[in-house]
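Take a look at the model below. The text then walks through it in short steps.

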Amino acid sequence: NGTHRVNMSNVDSPLQIFVRAKKKINDIFIEIDDYVKDAVTFMHAVAGDSSIASAQDLTNVEAYVSKVQAIREVLKRDHMKVAFFGRTSNGKSTVINAMLHDKILPSGIGHTTNCFLQVEGSDTNESFMRTEGSEEKLSVQSVSQLGHALCATRLQECSLVHVYWPRELCALLRDDVVLVDSPGVDVTPNLDEWIDKYCLDADVFVLVANAESTLMIAEKNFFHKVSTKISQPNIFILNNRWDASASEPEYMDQVRSQHANRCVDFLSRELRVCTPKEAEERIFFISAKEALLTRMREREKPVSSPILADGHQIRYFEFVDFERKFEECISQSAVRTKFAQHSRRGKNIAAEVMSALEQMKASKVEKQRILQEQLTAIEEQLTSITRQMKEKIGKMVSLTLSQEIRRLSALVDEYDT
Ligand code: GDP
């Protein structure tokens, strides 16, 4: 049934590092948004008094409102991106399907992915596809429909098709992982264009190699180019089709260590993207086909189920181990590259708005000080005037008194005579 929901609790998933960090930084930017808007409202209120907030101050702070909005938009859309590369038919689409626990991308004989396919979570319950640069949504209900739609739309090898799939059906999509499938690295002369268009913002690269052969020049070349354009790319190597080893168990260990040594050498000494010890943690021997089959059975989806080869459980555990290490790597890397810059920017904006407000406060305090000085001077003047007045009145009173005394004594004199 097509409505199997992801009900497993994934609070322990390393992807939660990213999910929680994203929530936190989004919340912080809501607060910064409020803070900046409050500052603008306040400045408008005192705008009449040009000695406190100049028109320039106001324009400066108002500009932060749209900057904060723009950052919030980017943050809402931020995701973790993983891109899969390798030769045609090594099993890239099958690996992606196994990770998504469902047959979403067409794979197999008769279908080669001849463009870039980006699978991401759909916010609605619908599944649909959209070609780059077009707004038209093509509904896709099934993998065969998607295969037909891809064949019908004439696409160039460098074009991108978005496939939106309901988030609630896949844990990876729900936690904001975006998966990109590519045409085989053996079919294109346009590696540079590929990298510039689709790889510069990838947090993790997965090379899907074929365990039945050695790493090919085309595959190596591609990653040499990647590592000249991106400093320290995170690269995992999946030696896929490891189920083939079951038919020759006597050579299995020998073949495995040969492949592993070459892969370690490639990552650490050729590309110099990690140490040999780190490289060992990036190399896995898996069977995507078996992993997908196991998961389809778990979901009770109809599958034509051949008997799985010996050792399939070990290969499945190694696939699960890969997913865990991949999740740790992608979430840590995405937090660093996507949020570090925004958190610096947020801090600067808050500091700059605060400094504008402090400047206003300082000029208000200065204005109060001047007013206070003027007041004191007036008071002193008043005191002095009052004192002078008092003296004058005193004099006038004493003058009037002495005149009265003189008049009375004259009267007394007159009376005596
Ligand atoms: P892509 O071109 O790299 O995307 O390769 P696909 O995912 O389309 O796989 C090509 C063919 O290889 C399909 O028929 C798959 O079923 C098959 N395939 C993929 N993974 C495995 C695997 O681990 N073991 C085996 N035996 N076959 C596989």
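R272 is exposed, with a relative accessible area of 62%. Exposed means over 50% relative accessible area, buried under 20%, and partly exposed in between, with a 1.4 Å probe and protein chains only. R272 sits in the loop between α8 (252–270) and α9 (276–280). Helices (H or I, at least four residues) and strands (E, at least two) are DSSP runs, numbered from the N terminus. The phi of R272 is near 55°, a positive value in a residue other than glycine.

This is a predicted model: local features need pLDDT of at least 70, side-chain atom pairs count only at pLDDT 80 or more, and totals for chains, interfaces and linings use all residues. Residues are numbered from 1 along each chain as its sequence is written, and side-chain values use heavy atoms, with hydrogens and water left out.

D176 also has a positive phi, about 70°, although it is not a glycine. Its place is the loop between α5 (171–174) and β6 (177–181). Is D176 buried or exposed? At 17% relative accessibility, D176 counts as buried.

Turn now to helix α6 (residues 191–199). Here L191, W194, I195, Y198 and C199 are buried. Down the axis of α6, these buried residues fall within an arc of 105°, so they line one face of the helix. The arc is that of the directions from the helix axis to the C-beta atoms. An α-helix has 3.6 residues a turn, so residues three or four places apart point the same way. The buried residues of α6 pack against β1 (80–85), β2 (116–122), β5 (160–166), β7 (204–210) and α7 (217–229). Contact here means heavy atoms within 4.5 Å.

Next comes the ligand. Of the 17 residues around the ligand, S89, K92, S93, T94 and R241 come nearest; a residue is near if one of its heavy atoms lies within 4 Å. The shell divides into two nonpolar, ten polar and five charged residues. Its largest share, three residues, comes from α3.

T94 belongs to helix α3. At 15% relative accessibility, T94 counts as buried. T94 touches S107, A288, K289 and L292, not counting residues up to four places away in sequence. A polar side-chain atom of T94 lies 2.5 Å from an oxygen atom of the ligand. For N240, a side-chain N or O atom is 3.1 Å from a ligand oxygen atom. For D243, a side-chain N or O atom is 2.9 Å from a ligand nitrogen atom. The protein covers 87% of the 580 Å² of accessible area that the ligand has on its own.

Key:
Polar contact = N/O pair within 3.5 Å; in protein donor to acceptor, adjacent residues only side chain to side chain. Areas by Shrake-Rupley, 256 points an atom, 1.4 Å probe, with all protein chains shown as cover. Nonpolar A, V, L, I, M, F, W, Y, C, P; charged D, E, K, R; others polar.
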